[in-house]
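Here is my note on the structure, as requested. Please read the points with the model open.

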Amino acid sequence: MATPGDAASHVRGSRPPVRAVPLRPPALDTATAPPLPLVLALAVPLLFLAACTGGEARETAAPAPQASGGTVRIALNEQAGYEAGAAVIGRLLTQELGYRVQTVRLTPAESWEGLEKGTVDVIVENWGREALKRTYIEEKKVAVSAGKSGTRGVIGWYVPQWMADKYPGITDWRRLNRYAHLFKTNKSGNLGQLLDGDPSYVTNDEALVRNLGLDYRVVHASGEKALIDAARRATRDRTPLLMHFYEPQWLFTQIKLAKVNLPPYAIGCDADPARVRCDYPPYLLDKIVSRRFADTGGRAYELVRNFSWTNEQQNAVANDMAGGMAGDGLDAARAAQKWIDANRITWKQWIPD
């Protein structure tokens, strides 16, 4: 798998964009450009304005970042936790090292393509994706790993905690058929419903249902927000729900979900996606950068390489973006700044000498 939701490549479900990081100021005509001090003076307010208004870059190739200064392009995938990390890195690149930051909103697969095209420098959080690593790191040699992100990924099937308390054994896959009638919906017909995220993301769930002989049908929601809304309703209204979900995820700071125990994962058990009958593997998430950025990115690359935080730290920023239980969240830039202001002792270690 690869990210929450992208199983064989396991990807997470998408969520509506939370605009986060500043846009690069418009390029200057070098023939008529003002002196460098004036350019730098103009750049700062422009960056501040972009950070407040939000925005994303168009996908066009750009020069590699310089050893200091220049522009860093960060792929922005539609998951709250990913956006939290991108926002923190972006703020530090801008405020501490003087770089400009552009975000390029792409799917996970498009992000890897961007590393080759020169339209992306950094993928902040990668969930496995061994096939893409083989293609872009080993074969094409246009990307490299920039080390672990510090977060640990878990993907699987979840039910509200109240169901685990009320129905003995419901978190044991061998007893799921006993409770299939509880999960029937108009979309699943006579079978229990297993709610997945956006259909554009690949999971092992249909193969697992088939190969484990479960009386369930995979039904797709529109993305991460739809899964979160479903989990909140099921917890609030005590309605049955079985869904594909993942950690780290800020929702776990608000409600309790119980993970279903599928057959234990063993190395190679998911090698053939059509025959898989085991749980998703645990993930030590990593950062991926273009080889060009690794070679020429200077202090920007060093900061990305040094960046490492915990599931709890990521969830804190993502939860502020979501607005906690009130639902009136901060934009990603402000949520990142709140965390930066309170955690200097952590991020100061990431800043290169």
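1. The model is predicted.

2. Helix α7 covers residues 224-237, 14 residues in total. From first C-alpha to last, helix α7 reaches 20 Å, close to the 20 Å expected at 1.5 Å a residue.

3. Which residues of α7 are buried? They are Glu 224, Leu 227, Ile 228, Ala 230, Ala 231 and Ala 234. Viewed down the axis of α7, these buried residues fall within an arc of 160°, so they line one face of the helix.

4. Just after α7, Arg 238 takes a positive phi of about 55°.

5. The count of salt bridges comes to ten. One of these joins Asp 286 to Lys 133, with the closest N and O atoms 2.8 Å apart. This pair links distant parts of the chain: Asp 286 belongs to strand β9 (residues 283-290) and Lys 133 to helix α4 (residues 130-139), 153 residues apart. Both Asp 286 and Lys 133 are buried.

6. Asp 172 and Arg 174 also meet through their side chains in a salt bridge, at 3.1 Å from N to O. Arg 174 counts as exposed because its relative accessibility is 64%.

7. A further salt bridge pairs Arg 334 with Asp 331, at 2.3 Å from N to O. Arg 334 is partly exposed, with a relative accessible area of 44%. Asp 331 also counts as partly exposed, at 22% relative accessibility.

8. Most residues other than glycine have a negative phi, and most peptide bonds are trans. Against that background, the bond joining Glu 247 and Pro 248 is cis, with omega about 5°. Pro 248 lies in the loop between β7 and β8.

9. Is Arg 129, with its positive phi, buried or exposed? Arg 129 counts as buried because its relative accessibility is 4%. Its phi is about 50°, although Arg 129 is not a glycine. Arg 129 sits in the loop between β3 (122-126) and α4.

10. Lys 141, likewise not a glycine, has a positive phi of about 55°. Lys 141 is found in the loop between α4 and β4, and at 51% relative accessibility it counts as exposed.

Note on methods
Residues are numbered from 1 along each chain as its sequence is written. This is a predicted model: local features need pLDDT of at least 70, side-chain atom pairs count only at pLDDT 80 or more; totals for chains, interfaces and linings use all residues. Side-chain values use heavy atoms; hydrogens and water are left out. Helices (H or I, at least four residues) and strands (E, at least two) are DSSP runs, numbered from the N terminus. The expected span of a helix is 1.5 Å times one less than its number of residues. Buried means under 20% relative accessible area, exposed over 50%, partly exposed in between (1.4 Å probe, protein chains only). The arc is that of the directions from the helix axis to the C-beta atoms. A salt bridge is a side-chain nitrogen of Lys or Arg within 4 Å of a carboxyl oxygen of Asp or Glu.
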